[in-house]
Amino acid sequence: MFVLELTYTAPLDAVDALLPDHVAWLEEQYEKGFFLASGRKNPREGGVILAVAEDRARIEEIVAGDPFAVGGVCAYRITEFIATKTAPELARHRQTLD
């Protein structure tokens, strides 16, 4: 499981110009099963996405396709973690420690 933290690196008007494309990209990742939750930070200086994928390389590939990343308006911080406890709705994403 991964926490994707977006930090805006451009003014909000530049971010907002790419927002419709970013939202469409988010929807695509939800449909493919990669994203579990997402939203804006408060204050509005970026966002957070909870994601799942087979490995970090796949997450990096997905992130590289974000219109925000392509447009150069945000930077991503990717944190991988082992989800050993989850809400019942996320049970299929639980992992065990090796």
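Tutor: From the N terminus on, the elements run β-α-β-β-α-α-β, giving 3 helices and 4 strands in the chain; helices (H or I, at least four residues) and strands (E, at least two) are DSSP runs, numbered from the N terminus. Please keep in mind that this is a predicted model, where local features need pLDDT of at least 70 and side-chain atom pairs count only at pLDDT 80 or more, while totals for chains, interfaces and linings use all residues. Residues are numbered from 1 along each chain as its sequence is written, and side-chain values use heavy atoms, with hydrogens and water left out.

Now to the sheet itself. Its 4 strands form an open sheet in the order β2-β3-β1-β4, with antiparallel pairing; two strands pair if DSSP finds at least two bridges between them. β2 (35-40) and β4 are the edge strands, each pairing on one side only. On average, neighbouring strands are turned by 15 degrees against each other, direction ignored; the axes are lines fitted to C-alpha atoms, for helices over the stretch in contact, and angles run from 0 to 180 degrees between N-to-C directions. Between β1 and β4, which run antiparallel, there are 7 bridges. Within β4, Arg77 is the bridge partner of Glu5.

Helices pack on this sheet too. α1 lies across β1, β2, β3 and β4, and runs at about 165 degrees to β2. α2 also touches β1, β2, β3 and β4, and its direction makes about 160 degrees with that of β4. Contact here means heavy atoms within 4.5 Å.

That brings us to the largest nonpolar core, which has 18 residues. Such a core is a set of buried Ala, Val, Leu, Ile, Met, Phe, Trp, Tyr and Cys residues joined through side-chain atoms within 4.5 Å, and buried means under 20% relative accessible area (1.4 Å probe, protein chains only). Leu4, Phe35, Ile49, Ala51, Ile59 and Phe68 have the most contacts inside this core. At least two core residues come from each of β1 (2-8), α1 (12-31), β3 (46-51), α2 (56-64) and β4 (74-80), with β1 giving the most, 4 residues.

Leaving aside its neighbours within four places in sequence, Phe35 is in contact with Leu4, Trp25, Leu26, Gln29, Tyr30, Ile49, Leu50, Ala51 and Ile62. For the chain as a whole, buried residues make up 31% of the 98 residues.

Note on methods:
Buried means under 20% relative accessible area, exposed over 50%, partly exposed in between (1.4 Å probe, protein chains only).
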